[in-house]
Structures are given as C-alpha cells and as structure tokens.
Amino acid sequence: MQNIPKVLAYCKKYGSITVREASVKLNINSPTKVFSVMRHSPKYIVTEQDEVNVNKEGETKRYKRYFIEEARV
C-alpha cells in the first residue's frame with residue numbers, strides 16, 4: 001500500500017497521527033483502511049489513544065490518535 005510510507009514518515013516527524021491529519025495533510029482518501037492494514041501487519045506496532053476536544057461551537061468531539069512505528073524484527 002503506497003500510503004504506508006507517508007504515514008510512517010509523518011509519525012516519525014510528529015510522533016502520532018489522527019484520521020483527519022492523514023486525510024487533510026497527507027491527502028489519504030481512506031486513512032482508517034491504511035491504519036487497519038498496518039494494525040494487522042506484524043511489521044508495524046500501532047497503539048491508539050482516545051482524545052476529547054471541544055470545538056468552537058462548544059460541542060464535545062471524540063477521536064483517536066494513532067502512534068505507529070515499525071516493529072523491530
């Protein structure tokens with residue numbers, strides 16, 4: 001999958017990634033699919049953290065932040 005190197009490079013530079021960041025900043029159309037492929041591969045270690053933010057309209061929004069790294073074999 002050609003988007004995996006982009007996700008890995010982003011995570012190396014910034015430490016983690018969200019679905020929105022992958023979609024907007026990396027121009028990936030289905031980031032959840034990329035994260036799923038990586039999660040099920042023994043080549044990558046994927047951990048996730050639930051986050052909560054309040055947007056400018058005062059609504060609470062929940063999302064996941066993914067921490068992805070290459071597994072050491």
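Let's start with a pair of charged side chains: glutamate 48 and arginine 39 form a salt bridge, and their closest N and O atoms are 3.2 Å apart. Keep in mind that what you're looking at is a predicted model. How exposed are these two partners? Glutamate 48 has a relative accessibility of 40%, so it counts as partly exposed. Arginine 39 is partly exposed too, with a relative accessible area of 35%.

Lysine 64 makes a salt bridge with glutamate 48, and here the closest N and O atoms are 3.3 Å apart. Lysine 64 sits in strand β3 and glutamate 48 in strand β2, so this pair ties together parts that are 16 residues apart in sequence. Lysine 64 is partly exposed, at 31% relative accessibility.

Now zoom out to the strands themselves. β2 covers residues 44–54, runs antiparallel to β3 and is joined to β3 by eleven bridges. For one of the pairings, find glutamate 51: its bridge partner in β3 is tyrosine 63. The hairpin of β2 and β3 has five residues between the strands, and in that hairpin glycine 58 takes a positive phi near 85°. β3 (residues 60–70) also pairs with β1, a strand made of residues 17–18, in the antiparallel sense over two bridges. There, isoleucine 17 has tyrosine 66 as its bridge partner in β3.

Next, turn to helix α1, residues 4–14. Which of its residues are buried? They are Ile4, Val7, Leu8, Tyr10 and Cys11. If you look down the axis of α1, these buried residues fall within an arc of 165°, so they line one face of the helix. The face of α1 turned away from that buried side carries Pro5, Lys12 and Lys13, which are exposed. And what covers the buried residues? The cover includes β1, β2 and β3, along with helices α2 (19–25) and α3 (31–39).

Let's finish with one more charged pair. The whole structure has eight salt bridges, and one of them is where the side chains of arginine 65 and glutamate 21 meet, at 3.5 Å from N to O. Arginine 65 belongs to strand β3 and glutamate 21 to helix α2, so the pair ties together parts that are 44 residues apart in sequence. Are these two buried or exposed? Both arginine 65 and glutamate 21 are buried.

Notes: Residues numbered from 1 in each chain as written. Predicted model: local features only at pLDDT ≥ 70, side-chain atom pairs only at ≥ 80, totals over all residues. Heavy atoms only, no water. Pairing = 2+ DSSP bridges. Helix = DSSP H or I, 4+ residues; strand = E, 2+ residues; numbered from the N terminus. Buried < 20%, exposed > 50% of the residue type's maximum accessible area, 1.4 Å probe, protein only. Arc of directions from axis to C-beta. Contact = heavy atoms within 4.5 Å. Salt bridge = Lys/Arg side-chain N within 4 Å of Asp/Glu carboxyl O.
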